[in-house]
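Dear colleague,

I am handing over the structure below, and my notes on what was found in it follow directly after. Please read them with the structure open beside you.

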Amino acid sequence: MKPRLAFIIAIAISLPGCAAYKPVSPAFHAMLNQPYRMDSGDVLRVTVFEQAGLTGAYPVDKAGYVAFPLVGSIPARGRTTTQIEGEIADRLRNGYLNDPDVTAQVETYRPFFIMGEVATGGQYAYFPGMTVQKAIAVAGGFSPRAEQGTVDITRQVGKRIVSGRVLVSDPILPGDTVYVRERWF
């Protein structure tokens, strides 16, 4: 009788931890359908038509700015490539070029991070279309003790940091932190 009582107590103690976990908010998945917003660690490819000296790759610094020749620092954090190319064109139009034709696109996305029950946790390069499964594969696969059905993702949504449990088939975004939990049995 005592082993059964110990088992029931162990289950009762572990249940509140499971019940306290909230499902992801709608904003968590809504970010997947919004235009990509730049942040530190991204590299922007800017092309100014017929201006080879201005065309190039420009990293977003830790303060969230792109240092662009002639016009100085352009705020990039939280902005789309369309917004950034518009500001660069406006600044170039203001005394440097008559009618600048500027395009901007993401050359390199900021990395994602993975930890927990994977072979090699750490920071890895992100590529468009990446899912949790692909991220785990990049990190060397699951460890033998890994919970393989769901993972926890921490993501910045606007100015808030949000965490949620998702399926391994869900997409991830640049800058996400993926945590693979240990299974119970």
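Gln123 counts as exposed because its relative accessibility is 55%, where exposed means over 50% relative accessible area, buried under 20% and partly exposed in between, with a 1.4 Å probe and protein chains only. Gln123 lies in strand 7, residues 122–124; helices (H or I, at least four residues) and strands (E, at least two) are DSSP runs numbered from the N terminus. Leaving aside neighbours within four places in sequence, Gln123 is in contact with Pro111, Phe112 and Phe113, contact meaning heavy atoms within 4.5 Å. The C-alpha atoms of Gln123 and Pro111 are separated by 6.3 Å, although the two residues are twelve apart along the chain.

Please bear in mind that this is a predicted model, in which local features need pLDDT of at least 70 and side-chain atom pairs count only at pLDDT 80 or more, while totals for chains, interfaces and linings use all residues. Residues are numbered from 1 along each chain as its sequence is written, and side-chain values use heavy atoms, with hydrogens and water left out.

Phe112 is also one of the residues that touch the most other members of the largest nonpolar core, which has 21 residues; Ile114 and Ile136 are among the others. A nonpolar core is a set of buried Ala, Val, Leu, Ile, Met, Phe, Trp, Tyr and Cys residues joined through side-chain atoms within 4.5 Å. The elements giving two or more residues to this core are strand 6 (112–116), helix 4 (132–138), strand 8 (150–157), strand 9 (160–167) and strand 10 (177–180). A second, separate core of 19 residues includes Tyr58, Ala76, Ala104 and Val106. Beyond its neighbours within four places in sequence, Ile114 has contacts that include Tyr124, Ala135, Ile136 and Val178.

Helix 3, residues 81–93, reaches 18 Å from its first C-alpha to its last, close to the 18 Å expected for its 13 residues at 1.5 Å a residue, the expected span being 1.5 Å times one less than the number of residues. Among the buried residues of helix 3 are Ile84, Ile88 and Leu92, and what covers its buried residues includes strand 1 (43–48), strand 3 (65–68), strand 4 (72–75) and strand 5 (102–108). Just after helix 3, Gly95 takes a positive phi of about 110°.

With best wishes
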